[in-house]
Amino acid sequence: MAEQKTILIIDDDPDVLEGMRLPLEVGGYNVVVATSGEEGLAKVLECAPNLVILDVMMFTPTEGFHVAHTLRSDHPDSPYAKYRTVPILIVAATHQVTSLRPHLEGDEGVLPADDFVETPVDPKALLTKIGRLLGAR
């Protein structure tokens with residue numbers, strides 16, 4: 001039997017957390033949740049997730065950006081160094097608040113993440129993206 005993968009969801013909206021947690025658990029994933037960037041970073045060290053789902057706009061409009069950059073830091077003394085390659089899936093409703101669009105490709109990438117979905121998240125699309133991201137690792 002394959003090892004159960006752990007997904008960490010970092011989002012400050014309890015409805016969004018629940019809306020993603022349930023289909024992921026039904027899909028066979030172990031789900032850990034955090035409601036802030038600080039809590040999320042602590043949970044990375046506790047649960048060693050296979051994938052992180054990260055909200056961009058939490059208590060501050062850029063909190064998710066800071067979490068993503070912290071996880072992707074190439075500093076050798078970073079406590080997150082061994083999680084640097086864990087896939088990050090950004091979930092945001094940026095189109096509702098700002099015209100900002102994260103660029104995930106190339107050197108001009110604003111956000112160090114592997115993929116992006118906008119809310120409201122379609123559970124089937126979420127599971128498909130996660131399967132693809134975990135299969136690519």
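Mentor: In this predicted model, leaving aside neighbours within four places in sequence, Val33 is in contact with Leu8, Ile9, Leu17, Arg21, Glu39 and Lys43.

Trainee: In which element does Val33 have its place?

Mentor: Val33 belongs to strand E2. The C-alpha atoms of Val33 and Ile7 are separated by 8.4 Å, although these two residues are 26 residues apart along the chain.

Trainee: To which strand is E2 joined, and do the two run parallel or antiparallel?

Mentor: Strand E2 (residues 30-34) is joined by 5 bridges to strand E1 (residues 6-10), and the two run parallel.

Trainee: Which residues of helix H2 are buried, and how are they arranged?

Mentor: In H2 (residues 37-47), the buried residues are Gly37, Gly40, Leu41 and Val44. Viewed down the helix axis, they fall within an arc of 100°, so they line one face of H2. Their cover includes E1, E2 and helix H3 (63-71).

Trainee: What does the face of H2 turned away from its buried side carry?

Mentor: That face carries the exposed residues Glu38 and Glu46.

Trainee: Which residue follows H2, and is its phi positive or negative?

Mentor: Ala48 follows H2, and its phi is positive, near 45°.

Methods
Residues are numbered from 1 along each chain as its sequence is written. This is a predicted model: local features need pLDDT of at least 70, side-chain atom pairs count only at pLDDT 80 or more; totals for chains, interfaces and linings use all residues. Side-chain values use heavy atoms; hydrogens and water are left out. Two strands pair if DSSP finds at least two bridges between them. Helices (H or I, at least four residues) and strands (E, at least two) are DSSP runs, numbered from the N terminus. Buried means under 20% relative accessible area, exposed over 50%, partly exposed in between (1.4 Å probe, protein chains only). The arc is that of the directions from the helix axis to the C-beta atoms. Contact means heavy atoms within 4.5 Å.
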